[in-house]
Amino acid sequence: MGQRVLVTGGAGFIGSHVAEALLRRGDRVICFDSLDPYYDPAIKRQNIALLSEYEGFSFIQGDIRSPEQLATVRRVDAVVHLAARAGVRPSIDEAALYADVNLTGTTNVLEFARQHQVRSFVFASSSSVYGERGNPPFRESDPADRPASPYAATKRGGELLCASYHDVFDLPISCLRFFTVYGPRQRPEMAIARFTHQIAAGAAIQLYGDGSAQRDFTYVTDAVASVLAALERTDGYDVFNIGHRRMTSVLEIIHQIASALGTPPELDILPPQPGDVSLTCADIEHAHSVLGYNPAVPIEDGIARYVDWYQKAEVLAG
């Protein structure tokens, strides 16, 4: 067997894909997840069932806000910290909860990693740390001191906690700023999943704003590849953009999904939501040069893959 890796949030969207990739290459994976009801825990239990088919997988239900529950995890060689309270819009109404989970929880996971003297620590950050700005693409050296939501602020705070743990305890840490990751098993409230479900069901899409907002979309297998590469970094502290360096408007995404489904979309235009930004676009040169990161799935292929997965999952569920 390979190394023992703790994956916090390992039953979730990106986490389950990371865990599966680690298991496939022969690592042992300890999945630590609270099964929080932010969305239907049955979805996470399905992911756990899939992962349980692999030798070397174990699951611990626990909350990263509890050092005592984290202490039930035994020896590990590396940590992939993905557990977080997610979502920009909900964070505006529940800022204290987001700070508790994403800052207190991250501190606890960092302390756990320090105590276990792990060889590598990977922290899932977010493109949201850049806030509202123009002049794409965004570079890791750009200011990230005006996040547009409490969620974004907690992700930037998590990066700073990671920096301090490296500086004080020499913990090797990579922070990955993910740009709008999508793909099979993604959370149901995320845009591509929600749009796909609404179009397939013949329901109107609730579109906040006029659809001109642009995002740099990252297919989940590309995001996973960046995590595996970052795990090989065993010294220093660094931050990496993980995106595709290409902007696609929300309206374009809707039409691509509708085309893949063969169903015309119906739009219900609503006012823009606070916390949303007008564009994101990653400069990935640093990730390419240090991690060898080279995204392989363009948005057109990714949407087709997601819709195909969705349709097959619906057939199985039916």
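This is a predicted model: local features need pLDDT of at least 70, side-chain atom pairs count only at pLDDT 80 or more; totals for chains, interfaces and linings use all residues.
Residues are numbered from 1 along each chain as its sequence is written, and side-chain values use heavy atoms, with hydrogens and water left out.

**The sheet**

Let's start with the strands. Helices (H or I, at least four residues) and strands (E, at least two) are DSSP runs, numbered from the N terminus. Two strands pair if DSSP finds at least two bridges between them. Here, 7 strands form an open sheet with parallel pairing, in the order β3-β2-β1-β4-β5-β6-β11. Which strands sit at the edges? They are β3 (57–61) and β11 (237–242), and each pairs on one side only. From one strand to the next, the twist averages 20°.

Zoom in on β2 (residues 28–33), which runs parallel to β3 and is joined to it by 5 bridges. I30 has S58 in β3 as its bridge partner, and D33 stands opposite Q61 in β3. Together, β2, helix α2 (residues 41–51) and β3 make a right-handed β-α-β unit. A crossover is called right-handed if, with the strands pointing away from you, the path from the first strand over the helix to the second runs clockwise.

**Helices that pack together**

Two packed helices are described by the angle between their axes and the distance between the axes. Axes are lines fitted to C-alpha atoms, for helices over the stretch in contact, and angles run from 0 to 180 degrees between N-to-C directions. Here are three pairs side by side.

| Helix pair | Angle | Axis distance |
|---|---|---|
| α7 (residues 191–200) and α9 (residues 250–261) | about 45° | 10 Å |
| α5 (residues 95–116) and α6 | roughly 20° | within 9 Å |
| α1 (residues 13–24) and α8 (residues 220–231) | roughly 60° | within 10 Å |

Angles under 35 degrees count as roughly parallel, over 145 as roughly antiparallel, 65 to 115 as roughly perpendicular and the rest as oblique. So α5 and α6 are roughly parallel to each other, whereas α7 and α9 are oblique. The pair α1 and α8 is therefore oblique too.

What about handedness? A crossing is left-handed if the near helix is turned anticlockwise from the far one by less than a right angle, and right-handed if clockwise. The α5 and α6 crossing is right-handed. The contact (heavy atoms within 4.5 Å) involves, among others, Y98 and L103 of α5 and Y151 and L161 of α6. Its residues divide into 11 nonpolar, 6 polar and 2 charged. For these classes, Ala, Val, Leu, Ile, Met, Phe, Trp, Tyr, Cys and Pro count as nonpolar, Asp, Glu, Lys and Arg as charged, and the others, Gly among them, as polar.

Now for α1 and α8, whose crossing is right-handed. F13, H17, V18, A21 and L22 in α1 meet V220, V224, V227, L228 and L231 in α8. That contact has 9 nonpolar residues, 1 polar and no charged.

**Two backbone details**

Where is the cis peptide bond? It joins P136 and P137, with omega at about 0°, and P137 lies in the loop between β5 and α6. Then there's T180, which isn't glycine but has a positive phi, near 40°. You'll find T180 in the loop between β6 and β7 (181–182).
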